[in-house]
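Here are a few exercises to work through with the viewer open. Try each task yourself before reading its solution.

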Amino acid sequence: MSLKIYIDGKLYDKEDAKVSVYDHGLLYGDGVFEGIRSYAGKVFRMAEHLERLWDSAKVIWLKIPLSKPAMAKAIEDTLAVNGIQDGYIRVVVTRGVGSLGLDPNHCSHPQVIIIADKIALYPPELYEQGLEIVTVSVMRNHPAALSARIKSLNYLNNILAKIEGIQAGCVEALMLNHKGEVAECTGDNIFLVRQGRLLTPPNDASILEGITRDAVIGLAGELGIEVREIALTKHDVYIADECFLTGTAAEVVPVVKVDSRVIGDGTPGPMTRRLMTRFHELTRS
Ligand code: PMP
């Protein structure tokens with residue numbers, strides 16, 4: 001059976017789920033999106049995802065043509081109609097169909113698209129052995145040009161970094177901000193462990209305010225682990241005892257090598273493992 005995709009209030013078979021070539025989401029990357037997980041049929045952190053989506057939309061003067069409860073229901077219905085229990089949901093709101101010029105005032109109305117699909121995970125061995133990542137030359141967009149806090153359809157900054165990472169043989173790539181500080185990876189936030197404390201770049205370091213990041217900070221608090229949101233440099237990464245990434249798709253994934261420096265003893269460390277276990281319990285119980 002073909003997947004059913006929600007577009008603008010209606011469900012379409014995947015093959016027929018199409019948007020106009022005049023949609024400014026396609027023409028200019030003008031729109032916002034969310035990547036959300038469901039576990040055992042329940043959407044993880046629905047309220048937080050909707051809040052981030054609405055915040056992103058507000059900043060780009062995009063009015064989402066649904067209320068938050070109606071969007072939540074549309075997401076749940078799309079999951080249910082596709083019979084998906086453990087899945088990945090992509091919510092996209094484009095500026096809609098307009099003219100060939102930039103002016104969004106010529107766009108008819110925003111398009112809401114909801115795709116509920118199976119999740120493509122990193123292979124299990126990466127969670128056991130840990131990832132190798134590299135710092136890439138593409139820096140995060142300057143915040144005065146485009147805030148990393150907007151989860152916009154314009155992901156070229158991240159894609160260019162991802163390509164550099166792949167060319168270096170890595171599935172993720174570490175990006176620095178315009179100040180040369182550690183920001184985040186192309187689709188994941190970064191954490192370090194140093195002397196028993198958890199360190200992660202703050203929200204003003206040109207990062208997306210990750211919902212998994214937030215969940216992990218909460219879990220660390222429950223476990224009595226001190227968390228510091230502070231500016232970090234590559235130096236801090238190289239001398240860290242442990243390193244891991246967080247993201248909706250990746251969940252919590254250990255990093256054992258950065259720029260060919262071995263992190264800690266080269267295996268996923270104890271605090272990383274503890275948080276991976278707790279995150280698993282949080283999402284699967
Ligand atoms: N940073 C970037 C650039 C992202 O695109 C994402 C989401 N894939 C994240 C971090 C992680 O955010 P979340 O935990 O909300 O998925």
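The exercises below go from the overall chain to the ligand site of this predicted model.

**Exercise 1. Describe the overall build of the chain, and decide whether its radius of gyration fits a compact globule.**

Solution. Start with the secondary structure: the chain contains eight helices and 15 strands. Next, look at the extent of the C-alpha trace, which spans about 55 × 40 × 30 Å along its principal axes. Finally, compare with the globule rule: a compact globule of 285 residues would have a radius of gyration near 19 Å, and the chain has 19 Å, so the two agree.

**Exercise 2. Locate the ligand and describe the shell around it.**

Solution. First find the site: the ligand sits in the largest pocket. Two elements, α6 (211-222) and β13 (242-247), each give two or more residues to the shell around the ligand. Now list the neighbours, taking a cut-off of 4 Å between heavy atoms. There are 16 surrounding residues, and the closest are Tyr155, Glu184, Ile211, Thr212 and Thr248. Sort the shell by class, and you get three nonpolar, nine polar and four charged residues.

**Exercise 3. Find polar atoms of the protein that lie close to N or O atoms of the ligand, using a cut-off of 3.5 Å.**

Solution. Begin with the side chains: a polar side-chain atom of Thr248 is 2.5 Å from a ligand oxygen. To finish, check the cover: on its own the ligand has 390 Å² of accessible area, and the protein covers 93% of that.

Methods: Residues numbered from 1 in each chain as written. Predicted model: local features only at pLDDT ≥ 70, side-chain atom pairs only at ≥ 80, totals over all residues. Heavy atoms only, no water. Polar contact = N/O pair within 3.5 Å; in protein donor to acceptor, adjacent residues only side chain to side chain. Areas by Shrake-Rupley, 256 points an atom, 1.4 Å probe, with all protein chains shown as cover. 1 Å grid on protein atoms, 1.4 Å probe; cavity = no way out; pocket = protein on both sides within 12 Å on 5 of 7 lines; lining within 4 Å. Sits in = over half its atoms within 2 Å of the grid points. Helix = DSSP H or I, 4+ residues; strand = E, 2+ residues; numbered from the N terminus. Nonpolar A, V, L, I, M, F, W, Y, C, P; charged D, E, K, R; others polar. Rg over C-alpha atoms; globule rule 2.2 N^0.38 Å.
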